[in-house]
Amino acid sequence: MDWKFIASALPKVLAAIPVTLEMALIATVIGWILGLLIALARKNRIPVVSQICAVFVSFIRGVPMVILLYVAYYAIPIALTSSFGIDTSGIPAIAYAIAALCLDQAAYSSEVLRASLDSINKGQLEAAWSVGMTTPQALRRIILPQAFAVAIPNLTGLFTGLLRGTSLAYYVGVYEITATANLLANPKLNFIEAYIITTVIYEVLSLVCNNLFGKAEKKIGKFRPRQAN
C-alpha cells in the first residue's frame, strides 16, 4: 500500500467533491420536478401526454446510464447545431452529464411519486373541492405533502444511487471524484489506493446524505396519511 500516494492524492480528490455534489443536486432538483409533472400527467391520464410520458419512462429505465451519458454528450450538440444553429463549443461537458442524470432521475422518480400519489385517498381531493379549493390548491396544501412523506424513503434511495452514478460522468470528460482519482493514479498505476480513497469518500457522502434525508423524513412525517383501523 502506497501511503505517500494516498496522502498526496487525498486533498486533490476531496477538491473534486463540489463537482460531484453540483451534478447530483442540480439533477435531483430538476429531475424530481420533471418526475412530479410526469407522475401527475400519467395519474390524470392526460390524452397523448400520458402516453408520451409512459414511453419516455420505459425508454429511460431501459437504457444504461453510460449509454445515456454518451447520447447526451454526442447527440445533443449535433441536434442543437443542425436544428437550431446553436454553437455548442462553449458548453461544458458537465452540462451534458447533468442533462443525462436529470432524465434518469425524472424517469425513476416519476414512478415513485406516481405510486405515492396513488396511495392518497381520492376522497381528500373531493373534500377539498367541497370547501372551495381549486385542484392546484388541493395538490399543494393536501395531496403533495402526503405524497412526498410517503415517497421520501424511496427518493432517498434514488438520490444516493444518483450520487454514485455521477462517477460515470468521467466517461464524457467531467473531472469529478472518480475521474480525478483515476488521473492521479495513472502515472504509477496506483489504482488500488485511488479506489480506496474514492470508496471512503462515496461512503461518507452517502452517510451524510442519508442522515439529512432521515431528518427531512422525520420533519415531514406528520403529513404521512394515517391508516384506517
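**Notes on a predicted model**

1. Let's begin with the largest pocket: its lining splits into seven nonpolar, three polar and three charged residues. Here Ala, Val, Leu, Ile, Met, Phe, Trp, Tyr, Cys and Pro count as nonpolar, Asp, Glu, Lys and Arg as charged, and the others, Gly among them, as polar. A pocket is an open set of points on a 1 Å grid over the protein atoms alone, where a 1.4 Å probe fits, with protein on both sides within 12 Å along at least five of seven lines; lining residues have an atom within 4 Å of a point.

2. A word on the basis: this is a predicted model, with local features needing pLDDT of at least 70 and side-chain atom pairs pLDDT 80 or more, while totals for chains, interfaces and linings use all residues. Residues are numbered from 1 along each chain as its sequence is written, and side-chain values use heavy atoms, leaving out hydrogens and water.

3. Back to the largest pocket, which holds about 280 Å³ of space (the space filled by probe spheres set on grid points joined across faces, edges and corners). Of its 13 lining residues, Lys43, Asn44, Leu125, Leu139 and Ile143 lie nearest the centre. Helix α6 gives the largest share of the lining, four residues (helices are DSSP runs of H or I, at least four residues, numbered from the N terminus).

4. Next, the inside. The largest nonpolar core has 34 residues, and Leu117, Leu155, Ile177 and Ile201 have the most contacts within it. Such a core is a set of buried Ala, Val, Leu, Ile, Met, Phe, Trp, Tyr and Cys residues joined through side-chain atoms within 4.5 Å; buried means under 20% relative accessible area, exposed over 50%, partly exposed in between, with a 1.4 Å probe and protein chains only. The top contributor to this core is α7, with nine residues.

5. Thr156 sits in helix α7 and counts as buried because its relative accessibility is 11%.

6. Finally, the aromatics. Rings of Phe, Tyr and Trp (its six-membered ring) pair if their centres lie within 6.5 Å; planes under 30 degrees apart are stacked, over 60 edge-to-face, the rest tilted. That rule gives eight aromatic pairs. Tyr73 and Tyr74 have ring centres 5.0 Å apart and planes at 85°, so they are edge-to-face. Ring pairs also link Tyr70, Tyr73, Tyr74, Tyr96, Tyr170 and Tyr171 into a cluster.

How values were computed:
Helix = DSSP H or I, 4+ residues; strand = E, 2+ residues; numbered from the N terminus.
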